[in-house]
Amino acid sequence: MTYKNLMSSDFQDWATPQSFIEWLQIRFNMRFNLDVCATDQTAKVPMYYTPEDDAFQRDWVGHCWMNPPYDNQREWLEYADLSVQGMTARSVWCLIPARTDTKLFHDFIAKRAHTIYLIKGRIGFKRAGIADNSGSTHPSMLVVFKRRAVRGKRTRQRYGPRILLLDVPPQARRGQE
């Protein structure tokens, strides 16, 4: 297996367990109102953008969810940050592989994210036609982009994201749902 294989997948339509999405909404007391990176089979909320909709040509609003394809994560993460800082989205929650040794992590995520949650265990991603216990072969992290706090006329400066640990519910783990 080469390094390229670790950063890619033959398929780009792996679905996040619905139980994980529901748990996040309860845990963080918010509701996702838009899945910006979905298909009709993988959408996590009623309002979603498919590849045909071209999410990069649309406004991301409210609290957004995304499980971006491996093949162009940087573009998705940059647009997430742009949407939040451009005041269209309140927050964008991004589920991506936990690759903390990469240039993407050090040069972009660690500088632009509000919070990074390192996830304990492996998430049980699903794909139509694949056995239920065939979830992720890699660790994941949840990267959250939020608007920078504004106090008066000044924007509060942050010196990097908060990095926290997140223990997901058992039913969202590999081989459990």
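Reader: Which residue does the side chain of Arg74 meet in a salt bridge?

Author: In this predicted model, Arg74 lies in helix α3, which covers residues 73–85. The N to O distance in the salt bridge is 2.8 Å. The partner of Arg74 is Glu78.

Reader: Is Glu78 buried, partly exposed or exposed?

Author: The term buried is kept for residues under 20% relative accessible area, and exposed for those over 50%. Arg74, at 37%, falls in between and counts as partly exposed. Glu78 has a relative accessible area of 34%, so Glu78 is partly exposed.

Reader: How many residues apart in sequence are the parts that Arg112 and Asp81 tie together?

Author: The side chains of Arg112 and Asp81 meet in a salt bridge with an N to O distance of 2.7 Å. Arg112 lies in helix α4 (residues 103–112), whereas Asp81 lies in helix α3. The pair therefore ties together parts whose separation in sequence is 31 residues.

Reader: Which is the relative accessible area of Asp81?

Author: Arg112 is partly exposed at 32% relative accessibility. Asp81 is buried, because its value falls under 20%. The relative accessible area of Asp81 is 5%.

Reader: What is the N to O distance in the salt bridge of Arg58 and Asp53?

Author: Side chains of opposite charge can pair when their charged atoms come close. A salt bridge here needs a side-chain nitrogen within 4 Å of a carboxyl oxygen. Arg58 is partly exposed at 36% relative accessibility, and Asp53 is partly exposed at 27%. Their side chains meet in a salt bridge, and the N to O distance is 3.9 Å.

Reader: How many salt bridges does a search of the whole structure find?

Author: The pairs Arg74 with Glu78, Arg112 with Asp81 and Arg58 with Asp53 are among them. For the whole structure, the number of salt bridges found is four.

Reader: What is the order of the strands in the open sheet of six strands?

Author: The protein chain has four helices and eight strands. From the N terminus on, its elements run α-α-β-β-α-β-α-β-β-β-β-β. Six strands form an open sheet with mixed pairing, in the order β1-β2-β3-β5-β4-β8.

Reader: Which strands stand at the edges of that sheet?

Author: The sheet of six strands is open and has mixed pairing. Each edge strand has a single partner strand, so one side of each is left without a neighbour in the sheet. The edge strands are β1 (34–35) and β8.

Reader: Which residue of β5 is the bridge partner of Ser91?

Author: Strand β2 (residues 62–66) pairs with β3 in the parallel sense over five bridges, and there His63 has Ser91 as its bridge partner. Strand β3 (residues 89–97) also pairs with β5 (residues 140–146), in the antiparallel sense over seven bridges. In β5, the bridge partner of Ser91 is Lys146.

Reader: How many of the nine residues of β3 are buried?

Author: Across the 177 residues of the protein chain, 45% count as buried. Strand β3 is largely enclosed by the rest of the structure, because its count of buried residues is eight.

Reader: Which residues gather in the patch of positive charge on the surface?

Author: A residue joins such a patch only with over 30% relative accessible area and no salt bridge. One of the members, Arg162, lies in strand β8 (residues 162–167) and is partly exposed at 39%. The patch consists of Arg90, Lys146, Arg147 and Arg162.

Reader: What is the phi of Asp54?

Author: Most residues other than glycine have a negative phi. Asn29, in the loop between α2 and β1, has a positive phi near 50° and is exposed, with a relative accessible area of 72%. Asp54 is found in the loop between β1 and β2 and counts as partly exposed at 31%. Although Asp54 is not a glycine, its phi is positive, at about 55°.

Reader: What distance separates the C-alpha atoms of Asn33 and Pro46?

Author: Asn33 lies in the loop between α2 (18–27) and β1, and is partly exposed at 31% relative accessibility. Asn33 and Pro46 are 13 residues apart along the chain. Their C-alpha atoms are separated by 7.5 Å.

Key
Residues are numbered from 1 along each chain as its sequence is written. This is a predicted model: local features need pLDDT of at least 70, side-chain atom pairs count only at pLDDT 80 or more; totals for chains, interfaces and linings use all residues. Side-chain values use heavy atoms; hydrogens and water are left out. Patches are made of residues with over 30% relative accessible area and no salt bridge: like charges are joined within 9 Å, nonpolar side chains (Val, Leu, Ile, Met, Phe, Trp, Tyr) within 5 Å. Accessible areas come from the Shrake-Rupley method with a 1.4 Å probe; for residues, only the protein chains shown count as cover. Lys and Arg count as positive and Asp and Glu as negative; His and the chain ends are not counted. The place of a charge is taken as NZ of Lys, CZ of Arg, CG of Asp or CD of Glu. Helices (H or I, at least four residues) and strands (E, at least two) are DSSP runs, numbered from the N terminus. Buried means under 20% relative accessible area, exposed over 50%, partly exposed in between (1.4 Å probe, protein chains only). Two strands pair if DSSP finds at least two bridges between them.
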